[in-house]
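Visitor: I would like to learn how to read a structure like this one, feature by feature. Could you show me the general idea each time, and then the case at hand?

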Amino acid sequence: MAYDSAATKARLLDAAYDEFVRVGLAGARVERIAKAASANKQAIYLYFGSKEELFDAVMADRLRVLADVAPITADDLPGYAGALFDALTADPGLQRLSQWRALEFPEASEAEIESHVAKATEIAESYGVPLTLATDLMMIALGAALAWNATAERIRNPLGEPEEQRAATHRRSVVAAVTALTSALTTDAPKTKSS
């Protein structure tokens, strides 16, 4: 049977995702990742270089998946907030991985900064507002989508409604809040020259 390096790399990424979500980078063990991936731990070093580089590869892989599932739409921040909420509710590990990343590496990379500035610039152009306001709008939409998983279940669902029903109600609230805020802030904002 031929050795399939692409399949091994994919298994390692999946196993590492589970490990990093559960215990973060510091708590992760390459032995557990390799065992869960049915691979030799040397494969981690061969394909990724180090545990830290594997973490970066997992982050990049999952952010690509998230961008495909919930692409930021510069002219529809409420829709983006709703799609992001759906993606994070379907896979809460994505949010947890990002939280581990923020705890263990609090400084943003140059690539992350460039990506966020590019997205904020698109929003600024779409709504005809200054870049700082577009950045705020993007952060607020992101925060609204993240709030569900960041809140304990008994707090976010005080009446004990069925979880799917309560999540659907909260999603509508997220979209409505981002709609109202985007409308209010863009109506009162000074317009840029391109608007």
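This is a predicted model: local features need pLDDT of at least 70, side-chain atom pairs count only at pLDDT 80 or more; totals for chains, interfaces and linings use all residues.

Visitor: Which secondary structure elements does the protein have?

Guide: Helices (H or I, at least four residues) and strands (E, at least two) are DSSP runs, numbered from the N terminus. Here the protein comes to 10 helices and 0 strands. Its C-alpha trace spans about 60 × 45 × 30 Å along the principal axes.

Visitor: How much of the protein is buried?

Guide: Of the 195 residues, 34% are buried. Accessible areas come from the Shrake-Rupley method with a 1.4 Å probe, and for residues only the protein chains shown count as cover. The accessible surface is about 11,100 Å², and carbon and sulfur atoms account for 59% of that area.

Visitor: And what share of the contacts joins residues at least 24 apart?

Guide: Contact means heavy atoms within 4.5 Å. Taking contacts between residues at least 6 apart in sequence, 66% join residues at least 24 apart.

Visitor: Now to charge. How many positive and negative side chains are there?

Guide: Lys and Arg count as positive, Asp and Glu as negative, and His and the chain ends are not counted. The place of a charge is taken as NZ of Lys, CZ of Arg, CG of Asp or CD of Glu. The protein has 20 positive and 27 negative side chains, with the centres of the two sets 6 Å apart.

Visitor: How many salt bridges does that give?

Guide: Side chains of opposite charge can pair when their charged atoms come close. The rule for a salt bridge is a side-chain nitrogen of Lys or Arg within 4 Å of a carboxyl oxygen of Asp or Glu. The count comes to 9 salt bridges. One of them brings back Glu31, which pairs with Lys41 at 3.2 Å between the closest N and O atoms. This pair links distant parts of the chain, with Lys41 in helix α3 and Glu31 in helix α2, 10 residues apart. Lys41 is partly exposed, at 33%.

Visitor: Where in the chain do Arg101 and Glu112 lie?

Guide: Arg101 is in helix α6 (residues 93-104) and Glu112 in helix α7 (residues 110-127). Their side chains meet in a salt bridge at 2.7 Å, N to O. Arg101 is buried at 14%, whereas Glu112 is partly exposed at 24%.

Visitor: What separates Arg22 and Glu19 in helix α1?

Guide: These two are 3 residues apart in helix α1 (residues 5-27), so about one helical turn separates them.

Visitor: Is Arg166 buried or exposed?

Guide: Arg166, in helix α10 (residues 163-188), is buried yet has no salt bridge; Glu161, the nearest side chain of opposite charge, is 4.5 Å away. A polar atom of the Arg166 side chain lies 2.7 Å from the backbone oxygen of Arg156. Beyond its neighbours within four places in sequence, Arg166 is in contact with Trp148, Arg156, Asn157 and Glu161.

Visitor: Which residues does Lys51 touch?

Guide: Lys51 is found in helix α4 (residues 51-69) and counts as buried at 17%. Not counting residues up to four places away in sequence, Lys51 touches Phe20, Leu25, Ala26, Ala28, Arg29 and Val30.

Visitor: Last, what is the phi of Ser38?

Guide: Ser38 has a positive phi of about 55°, although it is not a glycine. Ser38 sits in the loop between α2 (30-36) and α3 (41-48) and is exposed at 62%.

Key. Residues are numbered from 1 along each chain as its sequence is written. Side-chain values use heavy atoms; hydrogens and water are left out. Buried means under 20% relative accessible area, exposed over 50%, partly exposed in between (1.4 Å probe, protein chains only). A polar contact is a pair of N or O atoms within 3.5 Å; within protein, one must be able to donate a hydrogen and the other to accept it, and residues adjacent in sequence count only if both atoms are side-chain atoms.
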